Amino acid sequence: SVSAPSPREPSLRVSLDVTSLLDQLTGVGVFAQELAAGLAARSDVDLSVFAVSWRGRDRLHQVVPQGAQVHVRPLPARLARLAWARFDVPTARQLAGPADVVHGPNFVVPPGGGAAEVVTVHDLTALRYPEMCTADVLEWPGLLRRALRRGAWVHTVSEFVAAEVRDAFPEAGDRVVAVPNGVRMPPAADLTTDAGAGHHLAGGERYVLALGTVEPRKDLPTLVEAFDLVAGSHADLKLVIAG
């Protein structure tokens, strides 16, 4: 006799906000890109991706990994944040179809519309140093509090940030989980790159490297002041800002 095949275990349906992939990648963009690729490669996950953007609506298919279902619902980010600050629409279900979990990897998660909500908080600069943040960054604490009232879970990238979130957002309760960022080794060819090429780009063999976006919360003026204190006695030292 031939036994009947065992029924396939249902896959977890995950909706992921990949808006950060539509612009030049920052740290959050790299995080979202790697997360999307990892989820799309899993046999036990059905991944749907969406973006809250009007300008990038035509490029979404170009930036997501194979295996992900792409949902294009053009929606300006500014309009979405205004709506989510007051109402629980539009929902993730409206943006990307039915799901079990919706994940916002960039501080904000849309209302689940029946899906469990997870939001990643990378740091609390918006609360600790608001004078260094742009207007859109300053909106996320209020949006997070509303999401927490809906029952959202918070993912942080370190135990330190998890403790900060628990202190600043007591309504989160025990729904804060720290999972560090993963590390993917670069190809072997990249590890054997001639150091001279890097020295050429930096303009010298000794340099201080600041890697990140150029925005107020990075406080680059203070870095320049600190560099100025040592540069006079180290003429061969360079300051390199990249990212």
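Predicted model: local features only at pLDDT ≥ 70, side-chain atom pairs only at ≥ 80, totals over all residues.
Rolling a probe the size of a water molecule over the atoms shows where empty space is left. The structure contains 1 cavity of 30 Å³ or more, and the largest cavity holds about 40 Å³ of space. Its lining is formed by Leu 22, Ala 51, Ser 53, Gly 56, Arg 57, Leu 60, His 71, Val 72, Arg 73 and Pro 74. When these lining residues are sorted by class, 5 are nonpolar, 3 are polar and 2 are charged.

On the surface, a nonpolar patch is made up of Trp 153, Val 177 and Val 179. Together, these residues present about 250 Å² of accessible area. One of them, Val 177, belongs to strand S7, which spans residues 176-178. The relative accessibility of Val 177 is 37%, and this residue therefore counts as partly exposed, since that class lies between the limits of 20% for buried and 50% for exposed.

A contrasting class is assigned to His 103, which is located in strand S4 (residues 101-104). Because its relative accessibility is 10%, His 103 counts as buried; the limit for that class is under 20%. The position of His 103 was also considered relative to Glu 171, which is 68 residues away along the chain. The C-alpha atoms of His 103 and Glu 171 are separated by 19 Å.

Notes
Residues numbered from 1 in each chain as written. Heavy atoms only, no water. Patch = residues over 30% accessible without salt bridge, like charges linked within 9 Å, V, L, I, M, F, W, Y side chains within 5 Å. Areas by Shrake-Rupley, 256 points an atom, 1.4 Å probe, with all protein chains shown as cover. Salt bridge = Lys/Arg side-chain N within 4 Å of Asp/Glu carboxyl O. Helix = DSSP H or I, 4+ residues; strand = E, 2+ residues; numbered from the N terminus. Buried < 20%, exposed > 50% of the residue type's maximum accessible area, 1.4 Å probe, protein only. 1 Å grid on protein atoms, 1.4 Å probe; cavity = no way out; pocket = protein on both sides within 12 Å on 5 of 7 lines; lining within 4 Å. Points joined across faces, edges and corners; volume = space filled by probe spheres on them. Nonpolar A, V, L, I, M, F, W, Y, C, P; charged D, E, K, R; others polar.
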